[in-house]
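I opened the model to look up its sheets, the helices packed on them, a pocket and a helix pair. My entries follow.

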Amino acid sequence: LQKIRDVLRGMGDLERRLSKVGQPSANARDLQSIRDSARAGLNALLIAGQSEPWFSKLETLCAEIDRTLVDEPPLQIRQGYIIRQGYLPELDELILLTTDSQSLLEKMEAREREATGITSLKIRYNQVFGFYIEITNTHKDKVPAHYLRKQTLANAERYCTDELVELEKKVLSAQTRRNDLEYEIFEKLRRAVLQAAPDFLKLASLTAELDVITGLSWLAIERKLVRPQFMTQNALQLIGSRHLVVEQNVKDFVANNIEMDAGGCLLLTGPNMAGKSTIMRQVALTALMAQMGSFVPASEAKLPVFDQIFTRIGASDQLSEGLSTFMVEMTETAEILKKMSPQSLVIFDEIGRGTSTFDGMSLAQAILEFLLEKQKALTLFATHYHELTALESKYPQLVNSHMTVSDRGGEIRFLHTLTKGPALKSYGIQVARLAGLPVDVTRRAGEILKGIQTKNDSSQ
């Protein structure tokens, strides 16, 4: 497994690289990147024990790229120096001529320096003036009579000779023919790669699947995941359940047991920050991972096969469309209630909080009753409306649960442990204090809360 993963790291995005080869700007390095990707993919599949007849065609094409292109070709494809020496005899002759021209120029330069006594004499080339002899103005009086002036610069003069003109014709002709021939060979190789595109795309698809499988396999080993079991009844049992993402970012993540009977509903109460949302999301994440073929973060997992997962979590608005936070919440809730089925997994987090307390609580209870009576999907329902916990006596499939909190002298500590029964307090003011609200604000909130509680007690 580790060997396959190591090989796949060198593959890159084969489909993207293949698309570059089809562009007019494609160069020799693009073909080499295709070769490297294909070899890595083929190697990984062979290690995994998979072989197809068309593998050999791609291997042959990779070998042809090796045989044709130099190890480090330039980016330009029309100026030569991209095809290996030994690939084609005709090209080898041109390569020899263009390569030897440099030594010929060096020999001519040394000879002219000796003949003229000008040690700074240089023979150079550019695309506008071709080959030329450059002599600085300080040695102007030493220039031989047969030197023909070609260009005047601020500090130097450029000359040519009959011998240099003949050499230029010979070399430039060879260089032009070499460039054209190398480009022709490159284009032939590029067309061969494009013709093999269907096989390259099949290779990309196979290796992508292998990448996913080996990635999930390694994750299962690394994070101690377990193989899930699927049940025909619409019940759920997760022992030692964890949130795969959250546990990688917090110290000492607390695993929990989550058990739900067929058509059951888990009603979660308790303060913010205690872990209600994490519990609900890890159930959804576990279900999603299980049905995509992955092992899951738990010590034991038994789940049904869900047809859909519905979630109403968080607060967001769509003001540009005229939708407030509460309107978005109700619109999404309406969609869920219309589309869900008894085989669905439904998650509601703090439904009804965007309006007045009594409106919100009434809506939350009506929605919860609809879920319990009409659809009977597996449901996780988190709320701060503690009045809803009384529904447990009416609906046997509803189970009250809460996230435990340690409260000592007004100092709270979240234990992140799922426990049966409703939460006794919300601890909202304590959480606000932990968040850093000014002491005057939290103290005054406590006084107001006591007044409201006293008023409610007296009215009862």
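**Entry 1: first sheet.** I looked up an open sheet of 4 strands and read the order S1-S2-S4-S3, with antiparallel pairing. Strands here are DSSP runs of E, at least two residues, and helices are runs of H or I, at least four residues, numbered from the N terminus. Two strands pair if DSSP finds at least two bridges between them. S1 and strand S3 (148–152) are the edges, and each pairs on one side only. Direction ignored, neighbouring strands of this sheet are turned by 40° against each other on average. I then checked S3 against strand S4 (residues 156–160): 4 bridges join them, and they run antiparallel. Gln151 has Arg158 in S4 as its bridge partner.

**Entry 2: ground rules.** I noted that this is a predicted model, where local features need pLDDT of at least 70, side-chain atom pairs count only at pLDDT 80 or more, and totals for chains, interfaces and linings use all residues. Residues are numbered from 1 along each chain as its sequence is written, and side-chain values use heavy atoms, with hydrogens and water left out.

**Entry 3: helices on that sheet.** H5 lies across S1 and strand S2 (130–136), running at about 140° to S1. H6 lies across S1, S2, S3 and S4, at about 145° to S2. Angles run from 0 to 180 degrees between N-to-C directions, and axes are lines fitted to C-alpha atoms, for helices over the stretch in contact. Contact means heavy atoms within 4.5 Å.

Entry 4: I looked up the second largest pocket and found a volume of about 460 Å³. Of its 19 lining residues, Tyr81, Tyr125, Phe131, Leu172 and Gln175 are the closest to the centre. A pocket is an open set of points on a 1 Å grid over the protein atoms alone, where a 1.4 Å probe fits, with protein on both sides within 12 Å along at least five of seven lines; lining residues have an atom within 4 Å of a point. The volume is the space filled by probe spheres set on the points, which are joined across faces, edges and corners. Helix H5 (89–116), strand S1 (122–126) and helix H6 (162–195) each supply at least two lining residues. H5 gives the most, with 6 residues.

Entry 5: Strand S6 (residues 236–241) runs antiparallel to S7, joined by 4 bridges. Leu236 has Met260 in S7 as its bridge partner.

**Entry 6: helix pair.** The axes of helix H3 (residues 28–47) and helix H4 (residues 55–68) come within 10 Å and cross at roughly 145°. The contact residues include Leu31, Arg35 and Leu42 of H3 and Phe55, Leu58 and Cys62 of H4.
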